[in-house]
Amino acid sequence: MLPDIDAVTRDDLMRLIMRYRLKPIKRLSQHFVVDPTVIRDIINHVPNGSKVLEVGTGIGVLTYYLAKVASQVITIEIDGKLMRIAEQVLRGLNNVSLIQGDALRIPWPSVDVLVSNVPYSITSPLIMRIIREGVPMALLTIQREVANRLVSGPGNDDYGRLSIITQCNYSISVLNTYTPDSFYPSPEVYSSLVMMTKKEPCYGDMKVLESTTNILFRHRNRVLRWVLNKYLGPDAVSAVVNAGVDVNTRVRQLGIDELIKIADSLRPFIGSIANHN
Ligand code: SAM
């Protein structure tokens with residue numbers, strides 16, 4: 001049994017990790033939370049009584065505190081060894097279900113909130129799946145660089161496909177940023193906690209928008225005309241001009257409204273777009 005969330009210390013969490021003599025697997029991004037602030041920040045944003053899906057149980061520390069505020073926690077861990085430790089840490093909590101598997105592959109239950117101290121090796125595919133599944137809310141601790149990408153706008157160095165597709169479907173806020181020693185073993189980078197809240201999508205056909213951004217952002221510093229011509233030919237350039245978009249704009253400068261116009265005018269070319277994805 002762990003101390004109360006208001007009382008738990010870094011030493012408590014380190015001691016628990018040491019007790020199990022863990023040999024963290026780098027490939028699975030096994031960095032365990034030892035800074036109670038990370039846990040408190042997450043817990044404070046999980047609505048009381050909600051149904052939570054957690055990705056990456058680890059030894060179950062975050063899961064333990066989630067179970068105190070959620071009505072139900074379903075948690076997925078790929079590593080069977082960690083799962084068995086988590087079973088011990090979580091013993092006696094009757095609102096937690098543990099599932100061993102790859103969170104990118106197995107079906108997800110429908111939940112109110114997805115929570116994860118994200119294994120950094122799967123950050124982008126996990127975010128894309130959250131969007132495709134239409135999860136109402138997500139609280140994710142991710143690399144600070146990726147958090148910057150999620151919130152950045154046109155012209156910014158971090159602006160790209162992930163920013164556009166995420167911002168089209170979710171309101172995003174960065175709640176806090178943590179030093180590497182908030183996790184054990186420390187990752188090489190700072191981490192940020194982001195909250196994603198589902199909103200009305202900016203565009204009805206996400207596949208077309210994804211295909212469009214996939215092509216355009218291969219050459220983010222080129223002008224639109226050049227990229228369209230290279231991959232889709234002069235007719236696509238004309239279609240985009242007719243939609244009122246300035247094809248001399250550099251790809252990285254295109255805002256979401258312009259990208260929607262472009263995606264719409266490229267619909268007839270979608271077959272050839274799909275072949276490039
Ligand atoms: N939640 C724990 C914590 O906060 O201490 C662990 C976080 S650690 C950054 C990420 C966890 O995700 C590891 O336990 C790792 O084994 C697990 N993991 C990695 N890839 C996974 C995947 N594809 N599906 C499910 N779990 C995965």
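In which sense do strand 2 and strand 3 pair, and over how many bridges? Select both strands: strand 2 (residues 51–55) and strand 3 (residues 72–77) pair in the parallel sense over five bridges. Two strands count as paired if DSSP finds at least two bridges between them. Helices (H or I, at least four residues) and strands (E, at least two) are DSSP runs, numbered from the N terminus.

The model is predicted: local features need pLDDT of at least 70, side-chain atom pairs count only at pLDDT 80 or more, and totals for chains, interfaces and linings use all residues. Residues are numbered from 1 along each chain as its sequence is written, and side-chain values use heavy atoms, with hydrogens and water left out.

**Stop 1: the sheet**

Stay on strand 2 and strand 3. Lys 51 stands opposite Gln 72 in strand 3, and Glu 54 has Thr 75 as its bridge partner in strand 3. Four of the five residues of strand 2 are buried, where buried means under 20% relative accessible area, exposed over 50%, and partly exposed in between (1.4 Å probe, protein chains only). Strand 3 is largely enclosed by the rest of the structure, because five of its six residues are buried.

Seven strands form an open sheet in the order 4-3-2-5-6-9-7, with mixed pairing. At the edges are strand 4 (96–100) and strand 7 (170–178), each with a single partner strand, so one side of each is left without a neighbour in the sheet. Direction ignored, neighbouring strands are turned by 20° against each other on average. In a regular strand the side chains alternate between the two faces of the sheet.

**Stop 2**

Strand 3 and strand 4 pair in the parallel sense over five bridges, and Ile 74 stands opposite Ser 97 in strand 4. Contact here means heavy atoms within 4.5 Å. Axes are lines fitted to C-alpha atoms, for helices over the stretch in contact, and angles run from 0 to 180 degrees between N-to-C directions.

**Stop 3**

Select strand 5 (113–117) and strand 6 (137–143). These two strands run parallel and are joined by five bridges; Val 113 stands opposite Met 137 in strand 6. Is strand 6 mostly covered or mostly uncovered? Strand 6 is mostly covered, with seven of its seven residues buried.

Helix 2 (residues 36–45) lies across strands 5, 6, 7 and 9, and runs at about 155° to strand 7. Next, select helix 5 (residues 123–133), where the buried residues include Leu 126, Ile 127, Met 128, Arg 129 and Ile 130. Helix 5 is followed by Gly 134, whose phi is positive, near 70°.

**Stop 3: helix 8 and its two partners**

Select helix 7 (residues 161–169) and helix 8 (residues 206–216), whose axes are 9 Å apart at an angle of about 160°. The two helices are therefore roughly antiparallel. Angles under 35 degrees count as roughly parallel, over 145 as roughly antiparallel, 65 to 115 as roughly perpendicular and the rest as oblique. In this pair, Arg 161, Ile 164, Ile 165, Cys 168 and Asn 169 in helix 7 meet Met 206, Leu 209, Glu 210, Thr 213 and Asn 214 in helix 8. The residues of this contact divide into five nonpolar, three polar and two charged. Ala, Val, Leu, Ile, Met, Phe, Trp, Tyr, Cys and Pro count as nonpolar, Asp, Glu, Lys and Arg as charged, and the others, Gly among them, as polar.

Val 208, Leu 209, Thr 212, Thr 213 and Leu 216 of helix 8 make the contact with Leu 259, Ile 262 and Ala 263 of helix 11. By class, this contact has six nonpolar, two polar and no charged residues.

**Stop 4: helices 9 and 10**

Select helix 9 (residues 224–232) and helix 10 (residues 234–242), whose axes come within 7 Å and cross at roughly 140°. Helix 9 and helix 10 are therefore oblique to each other. Among the contact residues are Leu 224, Leu 228 and Leu 232 of helix 9, and Pro 234 and Val 237 of helix 10.
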